[in-house]
Amino acid sequence: QVQLVESGGGLVQAGGSLRLSCAASGRTFSNYGMGWFRQAPGKEREFVAAIIWGRGTTYYADSVKGRFTISRDNAKNTVYLQMYSLNPEDTAVYYCAARVGGPPIGSMTNMVWYNYWGQGTQVTVSS
């Protein structure tokens, strides 16, 4: 089993920044990659960013490209999401996800690529 614990959410004014963290624990030795998704009230969960654990290749949703940066610390089994120039449309619950222990199928931008999820952390951007 793998546990994912997010932290770093909160309330920020428009134009501000936040850094989310997601620490993975448990059987993480075959971690293929991790990603961030978000879900705003009344909307479906959507892809934000992802990183391939070994190569460090990153992927971003068009809506956050140039404002958000995903990174990882291999030694700490932790992935980060640095968010700049936040706007009210970024308000959502942000979820960390990981693919561990089995070959992934499809694209990292798709929820089914992942087999472990965190509990989510709230990000609220005020105007």
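1. C22 sits in strand β3 and C96 in strand β9 (residues 92-100), so the link ties together parts that lie 74 residues apart in sequence. The sulfur atoms of C22 and C96 are 2.0 Å apart, and a disulfide here is a pair of cysteine sulfur atoms within 2.5 Å. Searching the whole structure turns up one disulfide.

2. Keep in mind that this is a predicted model, where local features need pLDDT of at least 70, side-chain atom pairs count only at pLDDT 80 or more, and totals for chains, interfaces and linings use all residues. Numbering runs from 1 along each chain as its sequence is written, and side-chain values use heavy atoms, with hydrogens and water left out.

3. Are the two cysteines buried or exposed? C22 has 0% relative accessibility and counts as buried; C96 is buried too, its relative accessible area being 0%. The cut-offs are under 20% relative accessible area for buried, over 50% for exposed and partly exposed in between (1.4 Å probe, protein chains only).

4. β3 (residues 18-26) runs antiparallel to β1 (residues 2-7), with six bridges joining them. Within that pairing, V5 stands opposite A23 of β3. Strands are DSSP runs of E, at least two residues long, numbered from the N terminus, and two of them pair if DSSP finds at least two bridges between them.

5. β3 also pairs with β8 (residues 78-83), again antiparallel and over six bridges. Which residue of β8 is the bridge partner of L20? That is L81.

Definitions and conventions. Helix = DSSP H or I, 4+ residues; strand = E, 2+ residues; numbered from the N terminus.
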